[in-house]
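Open the model in your viewer and keep the selection panel at hand.

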Amino acid sequence: MKIDVSTANPLKHETPALVIGCFEDAKDELFSACDAALDGCLSRLAASREFSGKLKTSHLLHTLGRLPAGRLLLVGLGKKGEFSSERLRQAAGNAVQALRTARIATFSSALQLAGGLPQALEAVTEGTLLGSYAFELYKTRDRDERFNFEGMTLLLPKGLTKKEAGAGIERVSVVCAGVRLARDLVSQPGNVVTPAFLADTARELAARHKLECRVYEYEELEKLGMNALLAVGKGSNEAPRLIVLEYCGAGERSRPVVLVGKGITFDSGGISIKPGAGMEEMKTDMAGGATVLGAMQAVAGLGLPLNLVAIIPTAENMPDGKAYKPGDVVTSLSGTTIEITNTDAEGRLILCDALHFGLKYKPAAMIDLATLTGACVVALGHEASGLMGTDQRLLDALKAAGERCGERLWQLPLWDEYGEAMKSDIADLKNAGSRDGGSITAGWFLKQFVGATRWAHLDIAGTAWGDKARPCSPKGASGVGVRLLVEYLRNR
Ligand code: BES
Ligand code: MN
Ligand code: ZN
């Protein structure tokens, strides 16, 4: 969507639709002026409880020539005392979804004028870009009836110049493009997004942003000894890979942050095959990798002054005569031997090799993201990602970044006692314990491969894919983690 800015007075501004914000318990100047222009229509809507400014509500009405705007979209902001950037972002997301329903492609927003928040323009831009997302690549019918947004004009608060506004809008657009990349990759089906496709995406990204890219193919992985990653890929015709991207935004001596993302392009469970119902959702099992690519694109686009390495182990987990099987023992890159007790616990296997590989960068911090366990969905539902790790300051910083950007994290413990479940009779570790504490035992397993590094693990199994529409995330891929990582890295 094209976004421009204008210093016009909303009451004198011609547009197909003007979006204004309304509090539940307070009327601001703009609301009162619109109400007056419409002969008290807005007060009547409140009196009849058709629209009273509650959060998550909106109301569209025609102005019939009483305002230069053809229509007015009222968007609820909730109680004034509880107002925040996150609420404004969500209001903007709700607004744009209502506009899509009404098929209004061009509009102007005055949402940012309500409440006087310092970062209001950014919040409205972000909510609009995130909330207007749709993945329609494979819809071929009725192409001409398909709806596309054209443009939004942001009406500037008094005292803000177009130039000042432009920088913030540009920054948010870059971050949202990273979210969009992650969403597109996760939405795409498994027969398109294969390990080879992810590798090509990384190469293109590198070419566009002057990043170093290296893709380790089968023989190189064998030579390196990444046997846990190779084992997972064995049952598939799509060869596994290790994708590495390096961004250098600071001096060569500055230790990088290393991001690791799970890139299982389809998780059938392998020989420990999953039930058929809902298995199609396992095309999203590369969401961690997609997020890392999206974050890398955003960080490079913003030119953040830090060094960043992205590592994506990628494979397809399939059953086959060549597939790895329960009872097998593999020697991981670190030398630790692992007895396979469940081929569906494949994420931790590809990650343990990637995490160990990451240590050679001497990371200032290492953060992995993975759709790792169904247990995390049971524990936290779809409202927060699971957070575990070795360094409380890193975890607190991530948690705080999550609060600020609306991608919440909730910490789980990694006490030593949880490791009992992961001890094997014949090898150092086994890859799956019982169902109890499943997210934690998976996190504990990963912890065995990070040494003394400051490390955080985000289990995004419940947050990467939404089965219902949310204000800033229409049904489907959420791109969760991209904004969180950028917010964290920006404040480091
Ligand atoms: N990719 C799944 C986890 C998952 C489940 C992601 C639901 C998104 C939604 C992972 O590879 C998996 O299968 N985990 C197993 C581990 C178990 C076998 C120890 C699980 O959670 O059941
Ligand atoms: Mn699995
Ligand atoms: Zn998986």
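Start with the zinc ion (ligand 3). In sequence, its donors follow the pattern K-x4-D-x17-D-x60-E. The model is predicted, so local features need pLDDT of at least 70 and side-chain atom pairs count only at pLDDT 80 or more, while totals for chains, interfaces and linings use all residues. Residues are numbered from 1 along each chain as its sequence is written, chains are lettered from A and ligands numbered from 1 in the order in which they are written, and side-chain values use heavy atoms, with hydrogens and water left out.

**Stop 1: the zinc ion**

Select Lys262, Asp267, Asp285 and Glu346. These are the protein donors of the zinc ion (ligand 3), through NZ, OD, OD and OE respectively, at 2.0 to 2.4 Å. Donors here are N, O and S atoms within 2.8 Å of the metal (3.2 Å for Na, K and Ca); water is not among the atoms, so sites may look incomplete. The zinc ion (ligand 3) has six donor atoms, with angles of 78 to 174° among them, and its site is octahedral. The geometry cut-offs are these: six donors count as octahedral, and four as square planar, if opposite donors are over 155 degrees apart and all others between 65 and 115; four count as tetrahedral if all angles lie between 85 and 135 degrees; anything else is irregular.

**Stop 2: the manganese ion**

Now which residue coordinates both the zinc ion (ligand 3) and the manganese ion (ligand 2)? Asp267 does, and the two ions are 3.1 Å apart. Asp267 sits in strand S10 (residues 263-267), while Asp285 lies 18 residues away in the loop between S10 and helix H9 (287-302). Helices (H or I, at least four residues) and strands (E, at least two) are DSSP runs, numbered from the N terminus.

Colour by accessibility. Asp267 and Asp285 are both buried. Buried means under 20% relative accessible area, exposed over 50%, and partly exposed in between (1.4 Å probe, protein chains only).

The manganese ion (ligand 2) is coordinated by Asp267 (OD), Asp344 (O), Asp344 (OD) and Glu346 (OE), at 2.1 to 2.2 Å. Along the chain these donor residues are spaced D-x76-D-x1-E. Why is the arrangement around the manganese ion (ligand 2) irregular? Because its six donor atoms subtend angles of 71 to 168°. Asp344 counts as partly exposed, at 21% relative accessibility. Glu346 is buried, with a relative accessible area of 1%.

**Stop 3: the largest pocket**

The largest pocket holds about 960 Å³ of space. Its lining has 37 residues; closest to the centre are Lys274, Leu372, Thr373, Gly374 and Ala375. The search used a 1 Å grid over the protein atoms alone: a pocket is an open set of points with protein on both sides within 12 Å along at least five of seven lines, a cavity is a set where a 1.4 Å probe fits but cannot get out, and lining residues have an atom within 4 Å of a point. Grid points are joined across faces, edges and corners, and a volume is the space filled by probe spheres set on the points.

Select helix H11 (374-380), helix H13 (438-447) and strand S19 (465-466). Each supplies at least two lining residues of the largest pocket. H11 gives the most, with four. By class, the lining has 14 nonpolar, 13 polar and ten charged residues. Ala, Val, Leu, Ile, Met, Phe, Trp, Tyr, Cys and Pro count as nonpolar, Asp, Glu, Lys and Arg as charged, and the others, Gly among them, as polar.

**Stop 4: the second largest pocket**

Move on to the second largest pocket, with about 690 Å³ of space. Of its 30 lining residues, Glu86, Gln90, Glu383, Gly406 and Arg470 are closest to the centre. Helix H3 (85-101), helix H5 (162-187), helix H12 (392-405) and S19 each give two or more residues to this lining. H3 has the largest share, three residues. Colour by domain next. Domain 1 (2-132) and domain 2 (176-490) each contribute at least three lining residues; these bounds come from an automatic or database domain assignment.

**Stop 5: the loops**

Select Leu64, in the loop between strand S3 (58-62) and strand S4 (69-76). Its phi is positive, near 50°, though Leu64 is not a glycine. Leu64 counts as exposed, at 75% relative accessibility.

Finish at Lys210, between helix H6 (195-209) and strand S7 (212-216). Lys210 also has a positive phi, about 55°. At 79% relative accessibility, Lys210 counts as exposed.
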